[in-house]
2 protein chains.
Amino acid sequence: VAELNETQDPRRRSWVETANARDTDFPVQNLPFGVFRRPGGAPQGGVAIGDQILDLAAGLSEGLFEGDVASAAQAAAGAGLNPLMALESGAVSALRRRLSDLLRSGGPDEARVKPLADRLLVSMADATMELPAAIGDYTDFSCSTHHMMRMGGGTVRPVFLHLPVGYHGRASSLRVSGAEVVRPLGQVAGKDGQAVFGPEPQLDFELEFAAFVGRGNALGRPIPIGEAEDHIFGYCLLNDWSARAIQFFEMALGPFLGKSFLTTISPWVVTHEAMAPFHTTAFVRPEADPPIPAYLRSEADRRAGGLDVRLEALLSTEAMRRRGDPPQRIVATNFRYIYWTLAQMLAHHASGGCDMNPGDLFASGTVSGPEDEAKACLMEANERGTRALALPGGESRLWLEDGDEVQIRGRAEREGFVPIGFGPCDGRVAAAEAKA
Amino acid sequence: VAELNETQDPRRRSWVETANARDTDFPVQNLPFGVFRRPGGAPQGGVAIGDQILDLAAGLSEGLFEGDVASAAQAAAGAGLNPLMALESGAVSALRRRLSDLLRSGGPDEARVKPLADRLLVSMADATMELPAAIGDYTDFSCSTHHMMRMGGGTVRPVFLHLPVGYHGRASSLRVSGAEVVRPLGQVAGKDGQAVFGPEPQLDFELEFAAFVGRGNALGRPIPIGEAEDHIFGYCLLNDWSARAIQFFEMALGPFLGKSFLTTISPWVVTHEAMAPFHTTAFVRPEADPPIPAYLRSEADRRAGGLDVRLEALLSTEAMRRRGDPPQRIVATNFRYIYWTLAQMLAHHASGGCDMNPGDLFASGTVSGPEDEAKACLMEANERGTRALALPGGESRLWLEDGDEVQIRGRAEREGFVPIGFGPCDGRVAAAEAKA
């Protein structure tokens, strides 16, 4: 579990004024890494601070980093964060301390750095975000028993209690927030047992939380559970857009085209260390559940392997936006409801010898909880297609319609610490016809 | 469908004498691309000819390629073939014509090229092969009804007849022929409904055939069936090593750790054009089967979308090797038994908008046929674990034991053409204990 240190100190404030706003996702305690483009520019690494991005290449050319910290900044300054993710966690931590010192009020170099603000900072409003890393492999787990229960009609298959069930996802169709959700075409079950090819009629989202792998492991060399968290670089939000009719028609060997038309992530990677204050007891499994197998059991993980992150999904329709209505919150849940910890997912993933590489991404599965409002996809909320959601202005939804926009948000909060967020994870549905 | 041209002319012979042997996989009609290392050297692109490799970088520095052909050779000369795969098929074809002219007896530059042989050629015996491309995504289809029938206990689920069923595989654990097969650890079903963690007791192989994607498609833009074959760069053999006990215990959302400890491919990519003589009528589906949906139907594909490739698997045990016994053939099958064509698999894969990229790999699934000897994995041959295979010297096998080596071979033959092969796709099983 990551350590608390001065970078999470709630007394720290930034000379970037927007980083001190109560509702910002990016106070000086967060400092997530991402890849952005200036207008017309090439992809490069940066750090979110308030509504600004610290340009790491600019910081390097101004000589703001020295020695090993300069090497780490260099590793974070390119078109993908993979070299940064491959570093020992100590090197990432040293870079974070320096970034905190550069951006905080009263830091050691404030007098030198503040006058350089025009060169060092890029407004988020002017930048385009890119995928934060070259994602070699993407894995989607399914670790919410609440989700499985509701999707399975009241039962959870025993295997979900024995191990973190997962499947390989499609890496190529991952995009950052804002990518258009083109409704997929596909074969679905027709009326009389016939198959019908056409636009997906039951388009859904799934609110998920995901982790980027830091240092990897060699093929054939498992990652012990006690070391797994140290292999996690950081976190993002993820929308596992799901074409339910395609998915349920095709699914013999797991999800395939029902999921691979697009997966959206939030562009900023909140580091393992930034999340240190928000660890919590892992979801306490019922006594009657199978014991945790030895290769997934560690006292530290059991004590603090969970993460307390409030997660919500908001929906806006074309009509709502036309009227100027705000998006309606349709999900409110928390990552602590997940049955297995992220460390357990990673240790399990590598337990058979599968090699994990820096920049690999793995997601938790739909983060559903016990409450009604914690049903984290439409198929749960609509009770498997039987009960439409009521929306403002007399609209209702069983499934997503063209023009609908889903926004996922996350926020970690704990008494005595400054809350941090994850930035946007948004997508708007476009008609299949537009590009078919 | 690729065109016949002078590069497949059976009268062509090579001044590299080993390329004229009757049993070589690499006559001058084949010319597959791969990535190799000289002793102590960096990965670089080459072309197989007999028992030699043509070093493309050396050919470029000798000025053997000009204009667009030099650009294509440059794209093939690096540490991965992805830039070559991204080219229009015409550019690849032009490079192939030039390679054929350089390596054939009586070619236009023979007098100039032969004296350079020491610089241009590297003996395969001295080279180490690497993955031929950076494989962004790997997909495994399951397109043999014979395999499904035997694995499923006599029935094939209808969806396998409606569409090419596939799942996302793990890209990171792909390796070329020769990689050690470390027996994976994992949870399997114990005696009394308990889960047990330990070395896989039912290690199996699956003989498969695979294709590399050439030019890709943009997200949200399907590849029409009529264009799909032009997006296939070439082919290789694949062993989908399978840990059956792990696989059947874990499988709720498709194969995961039961398959991701290692997947072996043959290192040479036989191009689409080299395979032009070996096209055949696609497997004729029974009249009673569902009609082929429009997005997977093309007359050209129906007429010649299949490939006639003899495929076999050989097994040798430690005891057999100690006695000097040759490997025993345990599978003899043919790729023409596959129910869907590779073009149909690719068109289906992209039909929902999933973006395919140059260097992506997709495999056919176990290539089983109707005959007893065409059972292309142990689980079929041993009748789901009930009937052991007899081996020389009184040995028998239900599943793979430590020290067992599986070799997969492929050969395309047709009257009036020179047969071509795929090179080795081998792996030897090592004990789980060795690296656990």
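Me: What is the area buried between chain A and chain B?

Reply: The size of an interface is often given as the accessible area lost when the parts come together. In this predicted model, about 4,900 Å² is buried between chain A and chain B. Carbon and sulfur atoms give 60% of that area.

Me: How many residues does the contact take from chain A and from chain B?

Reply: Chain A contributes 55 residues to the contact, and chain B contributes 55 residues.

Me: How many salt bridges are counted between chain A and chain B?

Reply: The count between the two chains is six salt bridges. One example joins A:R175 to B:D355, with the closest N and O atoms 3.0 Å apart. As for polar contacts, the rule finds 22 residue pairs across the interface of chain A and chain B, both residues being at pLDDT 80 or more.

Me: Which elements of chain A each supply at least two residues of the side that touches chain B?

Reply: Among them are the strands β6 (138–141), β7 (166–169), β10 (185–189) and β11 (195–199) of chain A, together with the helices α8 (159–162), α10 (244–250) and α13 (342–350) of chain A. The largest share, four residues, comes from β7(A). By residue type, this side of chain A divides into 27 nonpolar, 19 polar and nine charged residues.

Me: Let us turn to the sheets. What is the order of the strands in the open sheet of chain A?

Reply: Strands of a sheet pair through backbone hydrogen bonds, either parallel or antiparallel. The open sheet of chain A has five strands in the order β4-β3-β2-β1-β5, with antiparallel pairing. Its edge strands are β4 (121–123) and β5 (128–130) of chain A, each of which pairs on one side only. Neighbouring strands of this sheet are turned by 50° against each other on average, direction ignored.

Me: How many bridges join strand β2 of chain A to strand β3 of chain A?

Reply: Four bridges join β2 (residues 44–49) to β3 (residues 52–55) in chain A, and the two strands run antiparallel. Within this region, A:A48 stands opposite A:I53 in β3(A).

Me: What is the order of the strands in the open sheet of chain B?

Reply: In chain B, an open sheet of five strands has the order β4-β3-β2-β1-β5, with antiparallel pairing. The edges are β4 (121–123) and β5 (128–130) of chain B, each pairing on one side only. The twist averages 50° from one strand to the next.

Me: Which residue is the bridge partner of B:I49 in β3(B)?

Reply: The bridge partner of B:I49 is B:Q52. Strands β2 (residues 44–49) and β3 (residues 52–55) of chain B pair in the antiparallel sense over four bridges.

Technical notes: Residues are numbered from 1 along each chain as its sequence is written. Chains are lettered from A and ligands numbered from 1 in the order in which they are written. This is a predicted model: local features need pLDDT of at least 70, side-chain atom pairs count only at pLDDT 80 or more; totals for chains, interfaces and linings use all residues. Side-chain values use heavy atoms; hydrogens and water are left out. Two strands pair if DSSP finds at least two bridges between them. Axes are lines fitted to C-alpha atoms, for helices over the stretch in contact, and angles run from 0 to 180 degrees between N-to-C directions. Contact means heavy atoms within 4.5 Å. Buried area is the accessible area (1.4 Å probe) that two parts lose on being put together, summed over both. A salt bridge is a side-chain nitrogen of Lys or Arg within 4 Å of a carboxyl oxygen of Asp or Glu. A polar contact is a pair of N or O atoms within 3.5 Å; within protein, one must be able to donate a hydrogen and the other to accept it, and residues adjacent in sequence count only if both atoms are side-chain atoms. Ala, Val, Leu, Ile, Met, Phe, Trp, Tyr, Cys and Pro count as nonpolar, Asp, Glu, Lys and Arg as charged, and the others, Gly among them, as polar.
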